[in-house]
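Please read this briefing alongside the sequence and the coordinates. It takes up helix packing and then a metal site, with grouped points under each topic.

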Amino acid sequence: MKILFLADVFGVPGRRAVEEQLPALRERYDADLAIVNGENAADGAGITAKLADKLLAAGADVVTLGNHTYRRGGIASYLATSERVIRPANSGSEAPGHGLAVVEARNGVAVAVLNLLGQLFLPTPVSPWEMVDKLVEEARAAAPVVFLDFHAEATSEKVALATWLDGRVTAVVGTHTHVQTSDARVLPGGTAAITDAGMTGPHHSVIGVKSELAISRMRNRQPVRFEPAEGGVRLEGVVVTCNDDGKARGIEAIRIDA
Ligand SMILES: [Fe+2]
C-alpha cells in the first residue's frame with residue numbers, strides 16, 4: 001500500500017496548492033492514505049478549525065501539527081474532539097487534543113498516525129524519548145501500519161529517533177525545517193525515514209516567510225511581523241510504500257511545482 005504525505009502547508013499559497021492538487025496526487029501515486037502537516041496553514045503559524053476542515057475536505061485523511069499548534073483562537077476546543085487532526089503527543093498532559101489517530105486506509109488496512117515534537121532547539125513540554133516507546137506500543141496494538149510525523153529542528157535528533165524505532169514503525173518522517181533533505185531511505189529493520197520532508201508552500205522565501213521580513217529581523221534584531229511569501233509554490237513530501245503488515249518497502253521524496 002502507499003501513503004502520501006505532504007509536508008508543512010504554509011499559508012494561503014500552500015493551502016491552495018493542496019486544494020488544487022491533492023486529489024490528482026492521490027491518483028497519480030495510487031495513494032491509499034493521505035497525511036498532511038498543517039501547522040503553518042494559518043498565515044504561516046498555526047491552524048484554525050476552518051482551515052483544518054478545508055485540508056480534510058481537500059482529501060487529507062489525517063492532519064498533523066507541530067510547535068505552532070495552539071497559536072490560533074478556537075483550535076484547542078476543536079482538537080479536543082477531533083479524531084483526525086492531531087497535535088504532538090508530547091504537548092503536555094493538560095494540552096487539549098490527541099497525539100494518535102487510527103484510520104482505515106482505502107485498501108481496508110488500519111493505519112496509526114503519530115505526531116511528536118523534538119526537544120532540541122524547541123520549547124517542548126515532554127521529552128519525546130520519555131514517551132515514544134509507550135506511544136508506539138499503543139499504536140501497534142491498534143494498527144499494523146504506523147506513520148510518525150516527527151516535528152523537530154535538529155537532524156541528529158530525527159536520525160536518532162528513526163534509528164531507535166527501526167523495525168517497530170512503518171515510517172518516521174521529519175518535518176519543521178521546511179527544507180527537504182536528500183536522505184529518504186528504508187532502514188535495515190524496515191522503517192522508512194527522511195530527516196525532513198520539506199514544505200508545501202512558497203519557496204521563494206525564507207522557509208515560507210517573505211525574505212525581506214525574515215532578513216530584516218535577523219539583521220536589525222527588531223520585531224517584525226512575518227507574512228507568507230507568494231512565489232515559487234511547490235508541494236513537497238514523501239510517498240511511502242509498505243506491506244499490509246507495516247514493513248516499509250520504499251520511500252520517495254516528492255517535489256512538485258504548483
Ligand atoms: Fe514547526
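In this predicted model, helix α1 (residues 11–28) packs against helix α2 (residues 49–57) at an angle of about 30°, and their axes lie 9 Å apart. Since angles under 35 degrees count as roughly parallel, α1 is roughly parallel to α2.

**Contact of α1 with α2**
- On the side of α1 the contact is made by Arg15, Val18 and Glu19, and on the side of α2 by Leu51, Lys54 and Leu55.
- Sorted by class, the residues of this contact comprise three nonpolar and three charged ones, with no polar residue among them.

**Contact of α4 with α5**
- Helix α4 (residues 128–142) and helix α5 (residues 155–164) have axes that come within 12 Å and cross at roughly 30°, and the two helices are therefore roughly parallel to each other.
- The crossing in which α4 passes α5 is right-handed.
- Pro128, Trp129, Val132 and Asp133 of α4 make the contact together with Glu157, Ala160, Leu161 and Trp164 of α5.
- The contact of α4 with α5 has six nonpolar and two charged residues, and no polar ones.

**Iron site**
- Four protein donors, namely Glu39 (OE), Asn67 (OD1), His151 (NE2) and His176 (ND1), lie 1.9 to 2.2 Å from the iron ion.
- The angles among the four donor atoms run from 85 to 168°, and the site of the iron ion is classed as irregular; for comparison, the ideal angle for four tetrahedral donors is 109.5 degrees.
- Along the chain, the donors of the iron ion follow the spacing E-x27-N-x83-H-x24-H.
- Asn67 belongs to the loop between β3 (62–64) and α3 (75–81), whereas His176 belongs to the loop between β7 (171–175) and β8 (185–186), so this pair ties together parts that are 109 residues apart in sequence.

Note on methods. Residues numbered from 1 in each chain as written. Predicted model: local features only at pLDDT ≥ 70, side-chain atom pairs only at ≥ 80, totals over all residues. Heavy atoms only, no water. Axes fitted to C-alpha atoms, helices over the stretch in contact; angles between N-to-C directions. Helix = DSSP H or I, 4+ residues; strand = E, 2+ residues; numbered from the N terminus. Parallel < 35°, antiparallel > 145°, perpendicular 65-115°, else oblique. Left-handed = near helix turned anticlockwise from the far one by under 90°. Contact = heavy atoms within 4.5 Å. Nonpolar A, V, L, I, M, F, W, Y, C, P; charged D, E, K, R; others polar. Donors = N, O, S within 2.8 Å, 3.2 Å for Na, K, Ca; no water. Tetrahedral: all angles 85-135°; square planar, octahedral: opposite > 155°, others 65-115°.
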